[in-house]
Amino acid sequence: MSIKGNESILELLNPTMEYKEQVMNYRKIFLENNESFDGCSGLEECETYEEWIDFDNRLSKKYGKGYTPSTVYLAIRKSDNKLVGIIDFRHKLSEFLLNYGGNIGYSVLPEERKKGYAKEMLRLVLEYCKQYGLHRVLVTCDKDNIGSYKTIQANGGILENEVIDEVNLSESGVIQRYWIDL
């Protein structure tokens with residue numbers, strides 16, 4: 001389990017040069033395993049770490065008026081300073097995010113899954129969402145992603161509805177939309 005008493009074994013950190021090698025290895029693993037880069041702010045499209053961490057500039061050019069500022073956090077295991085996941089908090093909901101993507105996206109390294117890290121990452125980022133002034137957030141997932149919807153539900157997510165995935169984000173073709181009150 002990822003919580004010892006009230007203290008997390010993870011910390012969410014902003015990307016720094018200290019984690020360059022680990023992030024680029026994360027990218028390599030996800031590409032080699034044909035994994036979905038959920039919550040990675042376009043990491044799959046970036047050849048260098050320096051390009052990736054230029055989030056606002058790069059993503060505002062890509063999305064134009066549809067761009068929504070976000071904060072990307074690295075989920076670092078405290079015991080060994082290892083990157084186990086990446087989570088992205090989108091500060092507001094564009095029409096696309098409202099319909100499909102939500103306020104928060106996240107992913108965990110394949111070898112680190114089923115250890116409670118996603119659940120803990122989401123719990124920790126919800127604290128940042130509160131500090132940002134939000135009263136509720138939308139988190140979405142593929143209907144067939146059992147781990148993700150259990151993670152969302154464990155953090156208070158209430159299913160609002162399911163929508164047909166018209167933008168090819170999911171494998172099942174159906175996206176579940178959950179609201180979490182903060």
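Which residue in strand 4 is the bridge partner of Leu12?

## Basis of the report

This is a predicted model, in which local features need pLDDT of at least 70 and side-chain atom pairs count only at pLDDT 80 or more, while totals for chains, interfaces and linings use all residues. Residues are numbered from 1 along each chain as its sequence is written, and side-chain values use heavy atoms, with hydrogens and water left out.

## The chain as a whole

The chain has 6 helices and 9 strands; helices (H or I, at least four residues) and strands (E, at least two) are DSSP runs, numbered from the N terminus. Its C-alpha trace spans about 45 × 40 × 35 Å along the principal axes. For 182 residues, a compact globule would have a radius of gyration near 16 Å, and the value of 15 Å for the chain agrees with this. The radius is taken over C-alpha atoms, and the globule rule is 2.2 Å times the number of residues to the power 0.38.

Of the 182 residues, 48% are buried. Buried means under 20% relative accessible area, exposed over 50%, and partly exposed in between, with a 1.4 Å probe and protein chains only. Among contacts (heavy atoms within 4.5 Å) between residues at least 6 apart in sequence, 61% join residues at least 24 apart.

## Strands 3 and 4

Strand 3 (residues 10-13) pairs with strand 4 (residues 70-77) in the antiparallel sense, over 4 bridges; two strands pair if DSSP finds at least two bridges between them. The bridge partner of Leu12 in strand 4 is Ala75.

The side chains of strand 3 alternate along its length.

## Helix 1

Helix 1 (residues 20-32) has 13 residues and should span 18 Å at 1.5 Å a residue; its end C-alpha atoms are 18 Å apart, in agreement. The expected span is 1.5 Å times one less than the number of residues. Val23, Met24, Tyr26, Arg27, Ile29 and Phe30 are buried in this helix. Their cover includes helix 2 (49-52), strand 4, strand 5 (82-90) and strand 6 (104-108). Just after helix 1, Asn34 takes a positive phi of about 55 degrees.

## Cysteines

A disulfide is a pair of cysteine sulfur atoms within 2.5 Å, and by this rule the count is 0. Cys129 is in no disulfide, and the nearest cysteine sulfur, that of Cys141, is 16 Å away. Cys129 is buried, at 0% relative accessibility. Cys141 is also buried, with a relative accessible area of 6%.
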